2 protein chains.
Amino acid sequence: MYRIPILRMGRSLLVTIQVDMEDQTAMALQDDLAEQIAKTGANGVLIDISALEIVDSFVGRMLAAISGIGRILDATTVVVGMQPAVAITLVELGLSLDGVKTALNVSRGMALLEAAAADGDDLVE
Amino acid sequence: MYRIPILRMGRSLLVTIQVDMEDQTAMALQDDLAEQIAKTGANGVLIDISALEIVDSFVGRMLAAISGIGRILDATTVVVGMQPAVAITLVELGLSLDGVKTALNVSRGMALLEAAAADGDDLVE
């Protein structure tokens with residue numbers, strides 16, 4: 001089975017989704033991410049979907065699920081690189097990606113994660 | 001045709017190779033990378049191959065070509081995440097990846113790029 005690699009960058013994890021996912025691949029990604037967040041203590045997950053030309057309800061649910069898992073494990077998930085046409089289609093379909101943070105590109109996503117981590121640090125003090 | 005996305009992270013570009021590449025995909029990646037290096041002024045390229053279980057002479061040549069193109073455009077290329085079994089096979093096959101810098105993972109690759117950029121800055125002064 002095809003597994004999507006998870007890269008560690010500082011205190012964040014980065015996933016680049018490049019191909020249309022089957023159910024098994026999506027499930028494996030969720031499992032792998034949960035495991036990696038716990039193992040590395042990552043406080044952020046960046047998911048790049050710039051290669052996806054279609055985001056249907058299946059992918060939308062998967063992004064929401066990953067986001068939810070991350071939240072429970074104390075990691076902020078940011079979806080980056082969405083193509084403009086994909087955003088238009090999502091709104092037209094009524095898929096609002098509730099609870100999923102987005103950013104225009106990886107750099108802005110990283111900035112968002114750093115800001116979230118700083119807020120978290122404040123709470124601990 | 002399938003195109004591998006190129007992510008921009010600060011002054012570097014990141015490419016995650018997740019699938020076995022056909023000739024066309026590899027050629028497109030070289031073109032896209034050259035264009036992005038010129039467009040963004042990136043001084044480093046990280047190529048993650050942690051998902052590859054086989055690196056044959058075709059992929060080896062592609063990595064060397066990208067590295068060469070990067071060098072001419074003043075960007076350091078670092079191949080990261082190579083699986084131990086792949087390294088063993090490469091040596092057994094006599095493919096030494098001449099001129100290609102490698103690092104264990106993305107974090108170390110980034111550190112290598114930053115060190116290279118610092119050296120470059122010194123030269124300019």
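I started with B:Leu46 and looked for its bridge partner in β4(B), which turned out to be B:Val78. Helices (H or I, at least four residues) and strands (E, at least two) are DSSP runs, numbered from the N terminus. The model is predicted: local features need pLDDT of at least 70, side-chain atom pairs count only at pLDDT 80 or more, and totals for chains, interfaces and linings use all residues. Residues are numbered from 1 along each chain as its sequence is written, chains are lettered from A and ligands numbered from 1 in the order in which they are written, and side-chain values use heavy atoms, with hydrogens and water left out.

Next, I checked the strands around that pair. β3 (residues 44–48) and β4 (residues 76–80) of chain B run parallel, joined by five bridges. I then traced the open sheet of chain B as β1-β2-β3-β4-β5, with mixed pairing (strands pair if DSSP finds at least two bridges between them). Its edge strands are β1 (6–9) and β5 (101–103) of chain B.

Then I turned to the chain B–chain A interface. I noted about 1300 Å² buried, 61% of it on carbon and sulfur atoms; buried area is the accessible area (1.4 Å probe) that two parts lose on being put together, summed over both. In chain B, the most area is lost by B:Pro5, B:Leu7 and B:Gln18, together 41% of what that side buries.
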